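Please have the viewer open as you read.

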Amino acid sequence: MTPQFVNFPIKPEVLQTLCLAVQRRDLSIHCEIAELQLNLYSHLFGYLALPKRKQKSSRPLPPTKPRNIEAREREYLTPREIKLLKAAAVKAPRNGFRDYWLVSMIYAHALRVSEACDLRWDEVDLKRGKLQVHRMKNGDASVHFLEPDEIKALKKLREEHPDSEFVFNSQRGGKISSRQVHTIIARAGEEAGLEVTVHPHMLRHTKGFQLAAKGADTLAIQGYFGHKAIQHTVRYTKQDSKQSYKGFGKD
């Protein structure tokens, strides 16, 4: 049966469109007959249950995450702290060997947590001693060289989980999670007695500053880190504010 308002027949599809328009408070919808629209509004507003607007909660908002510079004084470790971190990682009761090389590989190859977790054996060439690093955040992929001790350690890791396609695995044999990596490194930092709270990305920053201190070219560091834009790399090569510029103006 066709509904009627003011003795005027209304098509069901027209009524449905108008109902949706009222719910969205869109009163500018075009109708074939203006009189139909005016008459309908007087009836529709009477029985349509319009959606209630959400009331602002009186509960206090959760605290915002502090910036890194507010949570810790620096975002890198010293060479001594890197050694202490590795020494603490290898003493883990269950997977000390894996944890040691997890820390070592993240630091040596400036890996992000996700890049370390997703590292696969088909990206590792043990015969040629090369590692294909696929960067996250739309970064540029690059080929890194593996040191002899890394090759030896990777062979042992593969023997421990011969059926896994991932380099670093959990206790149950699956791919290690980013949460596990954060826990492993934070716990190693505590066991090492470091003054700063350590998170995995600090190892990446530490490698950047270490390469810059050795005099590595900025463009080379950019390629090693997979940075798309060089402004992300120059943070590692900025001069100390106490740097002496004496003699720079001479020909």
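What is the order of the strands in the open sheet of three strands? The order is β3-β4-β5, and the pairing is antiparallel. Strands here are DSSP E runs of at least two residues, helices are H or I runs of at least four, and both are numbered from the N terminus. Two strands pair if DSSP finds at least two bridges between them.

This is a predicted model, in which local features need pLDDT of at least 70 and side-chain atom pairs count only at pLDDT 80 or more, while totals for chains, interfaces and linings use all residues. Residues are numbered from 1 along each chain as its sequence is written, and side-chain values use heavy atoms, with hydrogens and water left out.

Back at the sheet, β3 (124-125) and β5 (142-145) are at the edges with a single partner strand each, so one side of each has no neighbour in the sheet. β3 is joined to β4 by two bridges, and Asp125 stands opposite Lys130 in β4.

Now for the largest nonpolar core, which has 38 residues. Such a core is a set of buried Ala, Val, Leu, Ile, Met, Phe, Trp, Tyr and Cys residues joined through side-chain atoms within 4.5 Å. Buried means under 20% relative accessible area, exposed over 50%, and partly exposed in between (1.4 Å probe, protein chains only). Leu85, Leu154 and Leu203 touch the most other members.

| Element | Residue range |
|---|---|
| α4 | 79-89 |
| α5 | 96-108 |
| β4 | 130-133 |
| α7 | 148-160 |
| α9 | 201-213 |

The largest share, six residues, comes from α5. Beyond its neighbours within four places in sequence, Leu203 is in contact (heavy atoms within 4.5 Å) with residues including Leu77, Leu85, Val103 and Ile185.

How do α4 and α5 pack? Their angle is about 155° and their axes are 8 Å apart; axes are lines fitted to C-alpha atoms, for helices over the stretch in contact, and angles run from 0 to 180 degrees between N-to-C directions. The two helices are therefore roughly antiparallel, a label for angles over 145 degrees. In this contact, Ile82, Leu85, Lys86 and Ala89 of α4 meet Gly96, Asp99, Tyr100, Val103, Ser104 and Tyr107 of α5.

Finally, Thr78 sits in the loop between α3 (68-71) and α4. At 30% relative accessibility, Thr78 is partly exposed. The C-alpha atoms of Thr78 and Thr206 are separated by 7.4 Å, although 128 residues apart along the chain.

Notes:
Angles under 35 degrees count as roughly parallel, over 145 as roughly antiparallel, 65 to 115 as roughly perpendicular and the rest as oblique.
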